[in-house]
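Below is a short briefing on the helices, nonpolar cores and selected contacts of one protein model. The sequence and structure come first.

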Amino acid sequence: MGHTLLFTDLVGFAALAASEGDDRAAEVALEFYAHVRALLAEHCAEEIKTIGDALMLRCERPADAVRLGLRIVSELEAIPGFPVARVGVHTGSAVCRDGDWYGTTVNVASRLCTAAGVGSVLVSEQTCRAAGRLRKIELGDTELHWLKNLTTPVEARLVNESRSRHCAFARAMPRPVI
């Protein structure tokens, strides 16, 4: 059975701690957790753990994980002055022991988060295939990512919410009868 794991963290968190102090950094991390936790139920997701300014999450369905990643990034970007998040998502085998998850899938999701750019959601090709057709989501080109301590590259895509200019026009057009 496949599991879909997400890692999300705040870009520039170490610099924030260095410039504004540990107390402020801790407040920002806790605010980040609160924002993400508010989204979990809607996306059939569970929090596995926090690690500094990062959260490890698990979703029941790959499509929900992709949508959750996009929501995390977009909602935090809407908060003036708040650090930007990034997200990595991967689907595959993993094992749960004592409330935590282990395996290559966990490692790939974590490393995809590290490889993601500022405000980006980087999703493995394996997750994209498992998610199926994702309405209102644009998939970027597949790129190979050589990730730390893995012997083969991982195919992954940047995902974005669709911003098609033709959406309103397409809804207004009558559907052909087949």
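In α3, the buried residues (under 20% relative accessible area, with exposed meaning over 50% and partly exposed in between, for a 1.4 Å probe and protein chains only) are Pro62, Ala63, Asp64, Ala65, Val66, Leu68, Gly69, Leu70, Ile72, Val73 and Leu76. The model is predicted: local features need pLDDT of at least 70 and side-chain atom pairs count only at pLDDT 80 or more, while totals for chains, interfaces and linings use all residues. Residues are numbered from 1 along each chain as its sequence is written, and side-chain values use heavy atoms, with hydrogens and water left out.

**Helix α3**
- Helix α3 has 16 residues and spans 23 Å from first to last C-alpha, close to the 22 Å expected at 1.5 Å a residue; the expected span is 1.5 Å times one less than the number of residues.
- Helices (H or I, at least four residues) and strands (E, at least two) are DSSP runs, numbered from the N terminus.

**Helix α4**
- Thr105, Val106, Val108, Ala109, Leu112 and Cys113 of α4 are buried.
- These buried residues fall within an arc of 165° seen down the axis of α4, so they line one face of the helix; the arc is taken over the directions from the helix axis to the C-beta atoms.
- Thr104 and Thr114, on the other side of α4, are exposed.
- Packing partners of the buried α4 residues (contact: heavy atoms within 4.5 Å) are β1 (3-10), β3 (54-59), β4 (85-92), β6 (100-102), β7 (121-124) and β10 (154-161).

**Nonpolar cores**
- A nonpolar core is a set of buried Ala, Val, Leu, Ile, Met, Phe, Trp, Tyr and Cys residues joined through side-chain atoms within 4.5 Å.
- The largest one has 36 residues, and Leu6, Leu10, Phe32, Leu57, Leu68, Ile72 and Val121 have the most contacts inside it.
- Two or more residues of this core come from each of β1, α1 (13-20), α2 (22-40), β3, α3 (62-77), β4, β7 and α5 (125-131).
- Another core, of 9 residues, lies apart from it and includes Leu5, Ile48, Met56 and Val106.
- Beyond four places in sequence, Val121 touches Gly69, Leu70, Val73, Val87, Val89, Arg157, Leu158 and Val159.

**Strand β9**
- His145 lies in β9 (residues 143-145) and, at 16% relative accessibility, counts as buried.
- Leaving aside neighbours within four places in sequence, His145 is in contact with Ala115, Leu122, Pro153, Val154 and Ala156.
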